Amino acid sequence: MTKPKVTVVGSINMDLTVSTPVIPKQGETVLGDRFATYPGGKGANQAVAASRLGADVRLVGAVGEDAFGDELARHLESEGIGLSGLTKLPEVSTGTATIILCEQDNRIIVAPGANAEVTPEYVESMRALIKDSDILLVQLEIPIETIRKVAELAEEYQIPLVVNPAPYHDLPKEVLEIATFLTPNESEAVLLNEALDADFQNKCVTTKGALGVEVTLNGEKVIVPGYRVPVEDTTGAGDTFNGALVTRIALGYSLEEAVQFSNAAAALSITKEGAQSGMPTKKEVEMLIEERGTEG
């Protein structure tokens with residue numbers, strides 16, 4: 001089967017994670033337990049998921065000309081992701097997320113760095129790459145004006161567009177009109193539905209954790225069941241779902257079939273630690289569906 005051409009326009013971060021028994025007060029220094037770096041950013045995460053699940057993935061984004069940027073570019077290439085849409089910017093840092101873990105809670109500081117430079121003008125420079133896509137996927141860790149530009153190109157070339165509204169921001173009406181599907185989680189859906197009329201709400205593919213995913217099929221809202229699995233780490237489950245969804249849609253599967261596959265992929269991702277490290281392969285997802293069926 002020919003691999004579908006999935007183009008992801010989005011963020012690329014290095015996640016800096018430190019665990020500590022106590023959160024420091026203002027002006028206080030404490031000793032932490034463990035420090036680690038992990039490739040991250042919602043754009044990169046979703047690109048890795050789609051690649052592992054059978055897509056020919058191109059990532060449009062930016063990193064700095066620094067050690068993190070070099071490391072992330074090598075990592076993405078090792079995942080089979082095309083980097084013709086990636087640029088390294090001088091005098092700009094690679095995006096980072098500093099994550100403080102304490103007593104099963106976390107505090108996160110995101111410094112967008114080069115992600116803020118993924119501008120409409122930069123996307124325009126990638127017009128040929130975008131035109132040669134079977135489907136487009138965006139999230140909201142890059143400027144909203146850039147999302148608008150991606151939507152304009154999707155409409156111009158009649159390419160399906162999936163918008164993952166995370167982290168949540170209000171979206172321009174034209175983006176909502178052009179998007180083929182919107183993929184909020186439950187909390188994002190509450191905020192999103194305040195801005196949507198019935199036609200737009202029918203575009204929502206709303207993830208509901210272990211319950212499954214709510215979609216509109218034949219004019220009715222239904223729940224496509226999820227899979228119950230032992231939970232190790234839920235980080236990256238939503239990104240895995242989105243990468244899987246666009247891959248299956250681009251392959252021509254129905255929305256219900258695509259969501260069933262994506263539920264299985266997301267379930268497998270939470271059985272392992274780490275966002276990208278826990279993302280499954282196409283074969284692993286197919287094995288789970290074969291063993292458990294589509295009801296989870």
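Tutor: Let's start with one term: two residues are in contact when they have heavy atoms within 4.5 Å of each other. Keep in mind that this is a predicted model.

Student: Why is H1 called largely enclosed?

Tutor: Buried means under 20% relative accessible area. In H1, 10 of the 11 residues are buried, so the helix is largely enclosed by the rest of the structure. The buried ones include Lys42, Asn45, Val48 and Ser51.

Student: What comes after H1?

Tutor: Gly54 follows, and its phi is positive, near 110°.

Student: Which residues touch the most other members of the largest nonpolar core?

Tutor: That core has 36 residues, and the ones in question are Val6, Ile12, Val57, Leu59, Val205 and Val259. Helix H1 (residues 42–52) gives the most to this core, with five residues.

Student: What is Val205 in contact with, leaving aside its neighbours within four places in sequence?

Tutor: Its partners include Phe181, Val215, Phe241, Leu255 and Val259.

Student: How do you know that H9 and H10 meet?

Tutor: Contact needs heavy atoms within 4.5 Å, and Phe241 and Leu245 are among the H9 residues that meet H10, whose side includes Leu255 and Val259. The residues of this contact divide into 11 nonpolar, four polar and one charged. The helices pack at an angle of about 145°, with axes 8 Å apart, and their crossing is right-handed.

Methods. Residues are numbered from 1 along each chain as its sequence is written. This is a predicted model: local features need pLDDT of at least 70, side-chain atom pairs count only at pLDDT 80 or more; totals for chains, interfaces and linings use all residues. Side-chain values use heavy atoms; hydrogens and water are left out. Axes are lines fitted to C-alpha atoms, for helices over the stretch in contact, and angles run from 0 to 180 degrees between N-to-C directions. Helices (H or I, at least four residues) and strands (E, at least two) are DSSP runs, numbered from the N terminus. A crossing is left-handed if the near helix is turned anticlockwise from the far one by less than a right angle, and right-handed if clockwise. Ala, Val, Leu, Ile, Met, Phe, Trp, Tyr, Cys and Pro count as nonpolar, Asp, Glu, Lys and Arg as charged, and the others, Gly among them, as polar. A nonpolar core is a set of buried Ala, Val, Leu, Ile, Met, Phe, Trp, Tyr and Cys residues joined through side-chain atoms within 4.5 Å. Buried means under 20% relative accessible area, exposed over 50%, partly exposed in between (1.4 Å probe, protein chains only).
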